[in-house]
Structure formats: C-alpha cells, structure tokens
Amino acid sequence: MFLHIAKIYKPFEFDNAYNEFRNRYPEAAHFLDERDSLDRWTRAYCSKTRYNIMTTNGVESINARLLEERKLPIIALLDSLQKLASCRLEFDVRDRGHSAIVDLESKRCTCRVFDIDRIPCAHAIAASWLAKIDIYDLCSEYYSTMSWCMDYSETVYPVPEENEWPRNINFPLVLPPLVKKRVGRRKQNRIPSIDEFSKK
Ligand SMILES: [Zn+2]
C-alpha cells in the first residue's frame, strides 16, 4: 500500500489514499511523518521533475517540426514560423467522461503522467495526432537509444578479489531476516486437470 500511494500522481488522490493508509497503519504513517517530508517520497508532492532531469526537448521538438520548412527561402520560412506560433498547442481531451488539459508545448497534462514520466500520456498522444506532432518528439531524450548507449559507454571494471578490499571501512553488520519456520510440509497449490474439471 505504501508503494502504491508513493506512486500516485495527483495530490488530492494521494491525500485520500494516505488518510486510508493512516487509518490502517497509524504507526507506519507516524514513522513516515517523523522521518521525511512528503516531497521526499511521494510523486504527488515532489516539487521537482523526477530525478531533476533537464532536457532540451522543447527546442528539439520545434526543430523536428520544422524539418521541411527549414529548406524554404527565408520569407516562406518566416511565414511557416508565424503559422506555427499561432497554432494552438493546448487541447481539452475527453476521456470516458473525464476531461484532461494537454499543453504540448510545455509537455504537461492535468493527469500529470506526461509531466512526471516524460512520456506522452494517452491524452497527449490524442492531442499530438491533431497537432500533427510526432509522439516520439514528445518523449524525453533520456528514453532514446542514444542516452541508453551513453549510460553504458563507460568501462565497467570487475570487482577485485575479497582480500584486496579496503580494510579501513566499517561495513554495517547485515543479518538475515527473522523468519518463523513452519512445522510440517509446505502446502502446495494443485491445479486440477481437465478430466477432473469435466467430472465436476
Ligand atoms: Zn494526460
């Protein structure tokens, strides 16, 4: 339940779920209140973009949008830019009776999935279809193959032999978890065969 509420996007939904959590597990809620502020462990109240990632996606998105226009003479290019600037990039998307406001320029949606995960939500995908913007340009560059390759571009050295490890570090003593040993054989879930089903 803790993991579930930590991943909620909208603050009001989080508040309701956290109240329920507090009723069911008052000691755990008290521990969390004492230990960390909400912006440290909840998605809904984290004031920064997750992991504080900054991207140049806005510029790249416009660049990709002007791929063909860039080949035009200067006056025609300015005309295209003017048209693009006057084009509305905000949409009201209706989703099974719910409304979501998407801003493709700032890459935000009131459902908050687009803002936080940096991948277009269903509403942004619908809006991008109308605005004729490639959805891949709306994703963070950190999801690109290039970024993934760069993550692994450094050499990863093997761990040295244990007797070469530094001796002056006080490692904490890590004990195995306390587990109650059950008496008797383990209960097994048996899936009845088709024959047994048909007899019933
Ligand atoms: Zn959305």
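Q: Start with Glu68. What does Glu68 form a salt bridge with?
A: Its partner is Lys71, and the closest N and O atoms are 3.4 Å apart. A salt bridge here is a side-chain nitrogen of Lys or Arg within 4 Å of a carboxyl oxygen of Asp or Glu.

Q: What kind of model is this, and how are residues numbered?
A: This is a predicted model, in which local features need pLDDT of at least 70 and side-chain atom pairs count only at pLDDT 80 or more, while totals for chains, interfaces and linings use all residues. Residues are numbered from 1 along each chain as its sequence is written, and side-chain values use heavy atoms, with hydrogens and water left out.

Q: Back to that pair. Are Glu68 and Lys71 buried or exposed?
A: Both Glu68 and Lys71 are exposed. The classes are buried under 20% relative accessible area, exposed over 50%, and partly exposed in between, with a 1.4 Å probe and protein chains only.

Q: How many salt bridges does the structure hold?
A: Six. One of them joins Asp117 and Arg43, with the closest N and O atoms 3.9 Å apart. Asp117 lies in helix 7 (residues 113-117) and Arg43 in the loop between helix 4 (38-41) and helix 5 (57-65), so the pair ties together parts that are 74 residues apart in sequence. Helices (H or I, at least four residues) and strands (E, at least two) are DSSP runs, numbered from the N terminus.

Q: And Arg43, buried or exposed?
A: Arg43 counts as buried because its relative accessibility is 15%.

Q: Which residue does Asp95 meet in a salt bridge?
A: Arg96, at 3.2 Å from N to O. Asp95 is partly exposed at 25% relative accessibility, whereas Arg96 is exposed at 78%.

Q: How many bridges join strand 2 to strand 3?
A: Two, and these strands run antiparallel. Asp103 stands opposite Arg108 in strand 3. This hairpin has four residues between the strands, and Lys107 has a positive phi near 55° in it. Lys107 is not a glycine, and it counts as buried because its relative accessibility is 9%.

Q: Where does Arg112 lie, and what is its phi near?
A: Arg112 lies in the loop between strand 3 and helix 7. Its phi is near 75°, again a positive value in a residue other than glycine.

Q: What is Ser128 in contact with?
A: Ser128 is in helix 8. Leaving aside neighbours within four places in sequence, Ser128 contacts Leu104, Ile133, Ile135 and Leu138, where contact means heavy atoms within 4.5 Å. Ser128 is buried at 2% relative accessibility.

Q: And Phe114, buried or exposed?
A: Phe114, in helix 7, is buried with a relative accessible area of 0%. Not counting residues up to four places away in sequence, Phe114 touches several residues, including Asp103, Lys107, Arg108, Ala124 and Leu138. Phe114 and Ala124 are 10 residues apart in sequence and 7.4 Å apart in space, C-alpha to C-alpha.

Q: Last one. Which residues form the nonpolar patch on the surface?
A: Ile74, Ile75, Leu78 and Leu81, with about 390 Å² of accessible area together. Patches are made of residues with over 30% relative accessible area and no salt bridge, where like charges are joined within 9 Å and nonpolar side chains (Val, Leu, Ile, Met, Phe, Trp, Tyr) within 5 Å. Accessible areas come from the Shrake-Rupley method with a 1.4 Å probe, and for residues only the protein chains shown count as cover. Leu81 is in helix 6 (residues 74-86) and is partly exposed at 33% relative accessible area.

Conventions:
Pairing = 2+ DSSP bridges.
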